[in-house]
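Subject: Structure for you to look over

Dear colleague,

I am passing on the structure we talked about, and below it you will find what came out of going through it. Please read it with the sequence open beside you.

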Amino acid sequence: MRLRPTLCETLLSGLLLIAVNAFAGEDQDSLDWLRVAVFASHQTDYSGVFVYQYGNRVEISRITHIVEPDSEYEKLESLDGPKHEIIRHHGQIWRYSNQQLEQVDSIQGRNRFPALLPEQLSALRANYRIKETGVERVAGYNAQIILFQPMDNLRYTHKIWVHTDSGLLLKAAVLGDRNQLVEQYAFTQLIIGGDIDRLWVKLIASSVNSLPALPKSEQGASVGLSGVPMPVEIPKGGMPVNSGWMVSALPAGFKKTMEVQRPMRGRHAPVTQLVFSDGLSAISVFIEPSDGDEDDVEGLSCRGAVNLYHKVVDGNLFTVVGEVPPRTVMQVLDSVRYNAN
Amino acid sequence: MKKEISVLMDGELFEDEADVLLDRIKRDPAARKDWEMYHLVGDVLRQPEHIHCGLCERVRKRIQDEPTVLAPRGHAVKQRVRAFALSAAASLLAVGVVAWMSLQISPEPAPQMAMQQTAIRPVNLQIRSNSSDYLMAHQEFSPSTDMNGGASYIRTVSYSLREK
């Protein structure tokens, strides 16, 4: 009689072990999909039309991604409304509208392939339940679906559809606490590799090299998008710093991936930016002296999965931006402290 | 409507929402009836001794008519029986009231959930114009950019269209 529970226990623990191993194996495979997706997005030539959906809005755009020996070139064009393009090349971003090419951001000191770091992968495993939930067709291609369900309510659920052959992300959805759709990208048409128009890359490459890094005030194109004149002495890129700013209430698994001091359009003083990531989403904290602008009153706003919260505390303007729920950006902002050491 | 009234009575509505709902209750006789009914239910649950339906009395009588299982011995036992009878009546009543309430309420989703959703909501859905620069600066370092490349820049593109 006494043997029975022992036997049961042994059996049960054996079963548990098998289950755990199976789970670990599954996690591993699912994370491999993620690694493949990151690699493919940098290494593949593709061009396609995708739908971006958030709230009750739908927007359609075309994206073209070309890998040249020197770097990647990427062009994003709106297909609805006024014609508008964003071009990315080597950490620099240009906006093309009204026949004018204008640089809007420039960040150096960034790895060319900032693929997922091992510690980010372990953070992912610790903070999300990861599983493969089947194969579906997206834009005519077969895609493996991988679901990332957070263990806490400080982050969103992510669901990605990865092309089983190329590893490209064909669709990505962000879901809230009650599985409501927060935002979604999905390709409706996509050409992978092959004959993709490269003419624009040459045009961009030549015009980019002849353009000043950032327009200067005297040159007409000097007015920022928000109508604020750009300071002439704005330096290029960001400088890595150890600013002394600390965030104490980050959700588990968020590790600092960046800390820079950088210029920002329409801002008089350089802005300190700290970036934290759990491997799937990131939280940026911006700190700058408040210039007493009435726009700087406390507020929370959002666009798709990105929430933005800003607040002035003791003469500093804090802005927290991230693909995390509103409660998380608020919690993070309220825990920012200055540690002089 | 019933769910909203229930939420209002639990004090979980925002002030402006409560005002609107109270106005509707004043105008709509059906809503008013619901409002009164919910208050009655609340009162019954809080003070069961004040109900005038005679249910207690009837349950007590039925129990007295039943053959007594516990052999009555002396005054103390009789009192215990009476206490038992009363508590049995009370629980029966409670079951009845709860059953009735659940019939009234259960088809609706739990109102607390709905409230949690609205408790934290973005103040303005339209991001301020100069916030686009913060979004742009953030996007470059977000893993979403690594996964779907420039597609995630759509977050910074489209509202800059509206911005002009």
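How much accessible surface does chain B have, and what share of it belongs to carbon and sulfur atoms? The accessible surface of chain B comes to about 10400 Å², and carbon and sulfur atoms account for 59% of that area. Please bear in mind that this is a predicted model, for which the predictor gives the complex an ipTM of 0.78 and a pTM of 0.64.

Chain B has 9 helices and 0 strands, and buried residues make up 35% of its 164 residues. Of the contacts in chain B between residues at least 6 apart in sequence, 57% join residues at least 24 apart.

Over residues 106-126 of chain B the pLDDT stays under 50, although the model has 31 contacts beyond four places in sequence for them. Where pLDDT is low, the predicted coordinates should not be read in detail.

In chain A, the largest nonpolar core has 41 residues, of which A:Leu34, A:Phe50, A:Leu124, A:Phe148 and A:Ile160 touch the most other members. Helix H1 of chain A supplies the largest share of this core, 6 residues, while a second, separate core of 17 residues includes A:Phe276, A:Ile283, A:Val324 and A:Val332.

Best wishes

Notes:
Residues are numbered from 1 along each chain as its sequence is written. Chains are lettered from A and ligands numbered from 1 in the order in which they are written. This is a predicted model: local features need pLDDT of at least 70, side-chain atom pairs count only at pLDDT 80 or more; totals for chains, interfaces and linings use all residues. Side-chain values use heavy atoms; hydrogens and water are left out. pLDDT is the predictor's confidence in each residue, from 0 to 100. Contact means heavy atoms within 4.5 Å. A nonpolar core is a set of buried Ala, Val, Leu, Ile, Met, Phe, Trp, Tyr and Cys residues joined through side-chain atoms within 4.5 Å. Buried means under 20% relative accessible area, exposed over 50%, partly exposed in between (1.4 Å probe, protein chains only). Helices (H or I, at least four residues) and strands (E, at least two) are DSSP runs, numbered from the N terminus. Accessible areas come from the Shrake-Rupley method with a 1.4 Å probe; for residues, only the protein chains shown count as cover.
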